[in-house]
Structure formats: C-alpha cells, structure tokens
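Here is a friendly note to read alongside the model. Please keep the sequence and the 3D view open, and find each residue as you go.

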Amino acid sequence: SRIFQRTVRLRAAVRHLCPHSTLTCAARLSPADFHSPFLACSSGQFVASTRKLHVEPKSSPAGAPERLPFSKVTDEDLAYFRKILPGRTITDPDLVESSNVDWLKTVKGSSEVLLRPQTTEEVSQILRYCYNRNLAVNPQGGNTGLVGGSVPVYDEIILSTSLMNNILTFDNISGILTCQAGCVLENLSLYLEERDYIMPLDLGAKGSCQIGGNVATNAGGLRLLRYGSLHGTVLGLEVVLADGRVLDCLATLRKDNTGYDLKQLFIGSEGTLGVITAVSILCPRKPKSTNVVFLGCETFEELLKTFQLCRGMLGEILSAFEFLDSECMRLLNTHLKLPNPISDCPFYIVIETSGSDPDHDSQKLDNFLEEAIASTFVTDGTVATEESKIKALWSMRERVTEALTHDGFTYKYDISLPVERIYQLVTDMRQHLGDRAKSVVGYGHVGDGNLHLNITSPAKDPALLAAIEPFVYEWTASCQGSISAEHGLGLKKRNYIYYSKPSQAVALMGNIKAMLDPKGILNPYKTLPDNLK
Ligand SMILES: Cc1cc2nc3c(=O)[nH]c(=O)nc-3n(C[C@H](O)[C@H](O)[C@H](O)COP(=O)(O)OP(=O)(O)OC[C@H]3O[C@@H](n4cnc5c(N)ncnc54)[C@H](O)[C@@H]3O)c2cc1C
C-alpha cells in the first residue's frame, strides 16, 4: 500500500530502525497498576515496605494545619442524610476507606461518611444542611488527583459525584455535549466516538477520572496542544454553592459577553468554591487519520528545533509533541522491559498528527520528516499508522510514570516553564544533587512548556528532599514559571503558591473564597495557603 511504501521510504532515510512490532503494547493503566510500594509525594507522608505503603501516624496530616472548628457528624445528621439519600449514605468503614485514601496513597483522611447524590437537588439539600450545621465537605470525583485535593484531611464528609453520570444532551451539529459531573471521561469518549466526535481532552487516568473532577482541576493532558485548555472548551457549568444555592451557568453558547464569565472561577478551583454538578463542553470531530512518530535527538536544542519545524510544517494536523530523556528510556527498559524502538539517543520525541484527509496528512508528515532528517535535527525514528503500533509508541511516553514507581521513592514535580528552559531545570537539578539522587528524569508536554521532573531515591530521604526543595521552586520562580502546570495545588502544594502568584492575587483568591463560602466548609485545607497575606 501507499502508506507502507511511505513508511519504508522513511525507514530507509533514517540511520537505524528497530522493528516496533516487538514493542509491548501498553493497555490503559488502571489506578491499581500504580499502587506501588515506592510511590510517594514530595511531602513524604509514606514509607516504603515490600508489599504496600503504610501511612505514618501523624497528628497533622501532610503538613495540614490543625483541624478547624467544624461540627462533628451526629446521629441526627446521619438520620437527615439517610432520609434524603436512602441507601446512598455510606458509613460502613470498609466502604468509606477507599474514598479516604488518594490515588498515590500518599494522603489519608478519617471521614466516616460518604454521600452519593444522584441529582443537583440532592447536592443542594446536602450543602444547605452542612452549611447550616457548619459541617465540612470534601467534593470527590474519580479520586485520581495527584496533589492530595480529592480526599479529606480530617473527618470532612465525602460528597461523591459517582452516581451523577447521565449524559443530558448532545448536539450533533454544534458538537456540544451536556452531562452530569460524575460522567467518567472514557465513557464520554466512547459515547462521542460512536457519533464521530471526541472529547477535547485525554488523560492517562481517563478510565476513572470524571468530567467534574477534570473541570475542577482544569486538567491538561495529551490533547491540550491541539484543542486548548478547559477554560476555552467548557461552555457552561452548573454549580451548587456552599450554602446550597444552585448557580445555573449551563450555557451552550460559544459566544456570550453578558458581563463576567463566572464559570471560569470554578474551572481549576479544586472543589473550594462550589460543587460542579453539570458541564457543557465543545467537542471536536473525530479525526479520520492519525499518525504517530517516535524520533531521537542528540541534544535538547535539536529537539526544540524539531518542535519549531514541526509546528511550521505540520500546522493544523499536529496534535501532540511530547518528550522523554534517555534516563526515562533506561527505566522503561529496566523496569518494564519495553525495548527502545529506535537506537539509543539522549532525547526522544513522540509526535502525533490527526487530520481529516489521510493522503494530505501523510504528505505533510513525509515532508516534515525528510526536512528533519536532512537538517540532522533528528538522528533516528520510526512511524506508526496502525492502531496497535500507535499504542505501542505512545506507551513509551505514557508508561514512564509506571516505570518510575519501580525505581524507588519518587519526588514528583509538575512545572510550567518557557519552553526553551524546560530541560535546563533537569540538568541543573542533576548537578545540584550529585550522587544523592538515584535517578533524575525529565519528560512531559513540550508543546505546552510542561516538564514532569521526577527524582528517585532507594527510600524516603528527608535530606534529599531538603536539597530538592525549595531549590526547585526558586529555580521555577526565577523563570516566571508555575510550580503546578496541570495537577493543581490541593493539600500538598498550596503553601508554595507564592512562588508562582503575587500576594495581591492570592489575597484576592482569599476574598473570593470568603464571598462564596463564608464558613469555609468546602474542601478546607486545600488550594489556598495557610498564611493568607
Ligand atoms: C495515571 C494518571 C495520569 C494523569 N494524567 C494527567 C494529565 O495528563 N493531565 C492532568 O492535568 N492531570 C492528570 N492526572 C491527574 C488527575 O487525573 C486529574 O487531575 C483529573 O482531572 C482528576 O479528576 P477526578 O475526577 O479523579 O477528580 P478527583 O481526584 O476526585 O478530585 C480532584 C479535585 O477536584 C475536586 N472535585 C472533583 N470533582 C468535583 C466536582 N464535581 N465539583 C467540585 N470539585 C470537584 C476535588 O475536591 C479535588 O480537589 C493524572 C492522574 C493519573 C492517576
């Protein structure tokens, strides 16, 4: 076939090529795959054991302040919840347990009540009651968040949106989907694909995370380069405020300049301003052709030149530009036995194109690859057009997190930087730490200027942590970067906010919180710093 000939021609053009058919094709990873004995957050609440993580007993969890003076749940409170949510007021400790622990198993709350509403009216009744009783509430979606925002710190009531999973409307002409907040991202994707559309976002956690959680964290993910952030694609939200009032901003209009755009306040607010109960979102058409290219570069400067070339030559069909370094490749080889699909290089790039015309896309990709090879920006590469091979190449990028969990105790950083600086942080950190770290690796979303910097050690190492922080935050601030590109602040990072936001802005955030949630019952101890200046 023509595609095969094209691939052969490209293969001949590069210096060396391994058959990617030998790659292990990674299935989507489930949270259970990541429950490793070694996975840990920078706040270091866990110690490694041979079988599972143990939460260290502590009086003030993960550096949280003392418990605020909220009421404690009484039998009368439970009687009320059981009346409005018959069979959906969960108090069995075994059933509440999994909602008390975060996905990384690094933060653990001690809530005794899990509420599972099905409707906006039920959420409204719960919050009105909790507000009057001064009971703290922890909104929870799929519980895949990585910064300790999704679980209680003390005994906050867990309000799960898991049963709010109905699709409300889909307009086949405009591509606008309206659904309840508890719809799982992957289910929405499957629903849309049957109708020739896709969701504008995609994450490794899509099998569990929910659209309400995605909006509450302003999740980025693999398609942001192409379709932009949720601040652009979300058209409307329905939100229940702390006192139970329902704010209906569930518009399905692309343009609406009637005053302040209030929904934006809730995108990325991590459950601290209101509970999102429904979302309307603009969905793109499903691409008719997809190609994935895996390339090797000798230097990060050449990788950046490839990025520039790629943006210019692939233009509108470029849908992802991701990278990993040779240390990541070593961990993939060592821990997951994933063979390198090309020859060894210091840097690797995953490029995805998606478009509406296979011939047109192939031609553009061929031209780009020929130019990249001729200009010696890339030294090796391979191309995939079939679904199984596309998945295999993507797994080299998507499974780095999993490989890290096998390498040791991991300190994780999710940094936003000017794109030309992103790898300098990895190099400087390596030099700064010397042989104190086991591995220092860099990978991430080049197209979005988002670096995932991960540092491992054989076991939890407070001295190593003291060497990493605040060095990493100071370095980031010196480049006007962000200490949290896409994961949010949650419990773990809230006190570092001043490295990325001026105190006036943080103070204004505090004012907004006080206006919308005067008693502070919604997701306390999260997002905002302890010392609001
Ligand atoms: C393997 C893996 C890959 C990931 N990849 C990415 C990635 O590429 N990009 C990225 O940005 N993130 C990524 N994440 C992080 C995480 O998946 C996202 O933050 C996701 O959007 C969280 O959705 P959730 O439904 O699980 O929310 P949860 O984890 O349940 O909650 C997250 C936060 O949102 C709040 N919240 C949840 N639902 C609501 C609601 N209805 N109303 C108000 N507040 C609510 C919670 O209180 C909490 O503060 C990844 C996580 C994993 C485990």
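**Notes on the predicted model**

1. Let us begin with two neighbours in sequence. Glu194 and Arg195 form a salt bridge, with their closest N and O atoms 3.6 Å apart. A salt bridge here is a side-chain nitrogen of Lys or Arg within 4 Å of a carboxyl oxygen of Asp or Glu. Glu194 counts as exposed at 67% relative accessibility, whereas Arg195 counts as partly exposed at 33%. These words have cut-offs: buried is under 20% relative accessible area, exposed is over 50%, and partly exposed is in between (1.4 Å probe, protein chains only).

2. A word on where the values come from. This is a predicted model, in which local features need pLDDT of at least 70 and side-chain atom pairs count only at pLDDT 80 or more, while totals for chains, interfaces and linings use all residues. Residues are numbered from 1 along each chain as its sequence is written, and side-chain values use heavy atoms, with hydrogens and water left out.

3. How many salt bridges are there by this rule? The count comes to 17. One of them joins Arg133 to Asp77, with the closest N and O atoms 2.8 Å apart. This pair links distant parts of the chain, 56 residues apart: Arg133 sits in helix α4 (residues 120-133) and Asp77 in helix α2 (residues 75-84). Helices (H or I, at least four residues) and strands (E, at least two) are DSSP runs, numbered from the N terminus. Asp77 is buried, with a relative accessible area of 1%, but Arg133 is partly exposed at 27%.

4. Another salt bridge brings together the side chains of Lys364 and Glu316 (3.1 Å, N to O). Lys364 belongs to helix α12 (residues 358-374) and Glu316 to the loop between α10 and β13 (318-325), so the pair ties together parts that are 48 residues apart in sequence. Is Lys364 buried or exposed? Lys364 counts as buried, at 19% relative accessibility, while Glu316 is partly exposed, with a relative accessible area of 46%.

5. Do follow α12 from end to end. This helix has 17 residues and reaches 24 Å from its first C-alpha to its last, close to the 24 Å expected at 1.5 Å a residue; the expected span is 1.5 Å times one less than the number of residues. Buried residues of α12 include Leu365, Phe368, Leu369 and Ala372. Just after the helix, Thr376 takes a positive phi of about 55°.

6. Now look at the largest nonpolar core. It has 52 residues, and those with the most contacts inside it are Ile351, Phe368, Leu453 and Ile455. Helix α10 (residues 300-314) gives the largest share, 7 residues. A nonpolar core is a set of buried Ala, Val, Leu, Ile, Met, Phe, Trp, Tyr and Cys residues joined through side-chain atoms within 4.5 Å. Leaving aside neighbours within four places in sequence, Ile455 is in contact (heavy atoms within 4.5 Å) with residues including Phe409, Tyr411, Met429, Leu433 and Ile468. A second, separate core of 31 residues includes Leu85, Tyr154, Met164 and Tyr525.

7. Next comes the ligand. Of the 33 residues around it, Pro139, Gly141, Gly142, Thr144 and Gly145 come nearest; a residue counts as near if one of its heavy atoms lies within 4 Å. A polar side-chain atom of Thr217 lies 2.9 Å from a ligand oxygen atom. Gly220 places a backbone N or O atom 2.9 Å from an oxygen atom of the ligand, and Gly221 has a backbone N or O atom 3.4 Å from a ligand nitrogen atom.

8. Finally, some backbone details. Most residues other than glycine have a negative phi, and most peptide bonds are trans. A cis peptide bond joins Glu469 and Pro470, with omega about 10°, and Pro470 lies in the loop between α16 (462-468) and α17 (471-478). Gln480 has a positive phi near 55° and is exposed, with a relative accessible area of 70%. Asn523 also has a positive phi, about 45°, but Asn523 counts as buried at 2% relative accessibility.

Terms used: A polar contact is a pair of N or O atoms within 3.5 Å; within protein, one must be able to donate a hydrogen and the other to accept it, and residues adjacent in sequence count only if both atoms are side-chain atoms.
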